[in-house]
Amino acid sequence: MQAMSPAATSRQARNWQDQANCLGVDPDLFFPERGASTREAKEVCRGCVVREDCLEYALANGEKFGIWGGLSERERRRIRRARAMARRQATAG
Ligand code: SF4
């Protein structure tokens, strides 16, 4: 199966994708080979009005690959860790 852009992948689940800046953009841009540049994809995301929705979707669904909401896997992992830590601190207090 050919790779789809983040917006197209989750099309059935949500409808914020209709406003996605990446519609019609080469999906490979959002799933770069290891070590390849993510700059172009992030540029597309920068001007996207549904960036927050996209990022939250990826975080909620544990998307491990690709650029979502303008962030790489590593950047999303950092957010997930920070949120998990904040939750632990909130419940520990
Ligand atoms: S934030 Fe980026 S990947 Fe997500 S819908 Fe917008 S352009 Fe596509």
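Where does the ligand sit? Here are a few notes on this predicted model.

1. The ligand is found in the largest cavity. Two elements each give two or more residues to the shell around it: helix 2, spanning 39–46, and helix 3, spanning 51–60.

2. The ligand has 13 residues around it, and those that come nearest are Ala 20, Cys 22, Cys 45, Cys 48 and Cys 54. Sorted by class, this shell holds 10 nonpolar residues, 2 polar and 1 charged.

3. Helix 3 also meets helix 4, which covers residues 73–92: their axes come within 11 Å and cross at roughly 70°. Angles of 65 to 115 degrees count as roughly perpendicular, so helix 3 is roughly perpendicular to helix 4.

4. Which residues make this contact? From helix 3 come Leu 55, Glu 56, Ala 58 and Leu 59, while helix 4 brings Arg 76, Ile 79, Arg 80 and Arg 83. In terms of class, the contact of helix 3 with helix 4 has 4 nonpolar and 4 charged residues, with no polar ones.

Note on methods
Residues numbered from 1 in each chain as written. Predicted model: local features only at pLDDT ≥ 70, side-chain atom pairs only at ≥ 80, totals over all residues. Heavy atoms only, no water. Near = heavy atom within 4 Å. 1 Å grid on protein atoms, 1.4 Å probe; cavity = no way out; pocket = protein on both sides within 12 Å on 5 of 7 lines; lining within 4 Å. Sits in = over half its atoms within 2 Å of the grid points. Helix = DSSP H or I, 4+ residues; strand = E, 2+ residues; numbered from the N terminus. Nonpolar A, V, L, I, M, F, W, Y, C, P; charged D, E, K, R; others polar. Axes fitted to C-alpha atoms, helices over the stretch in contact; angles between N-to-C directions. Parallel < 35°, antiparallel > 145°, perpendicular 65-115°, else oblique. Contact = heavy atoms within 4.5 Å.
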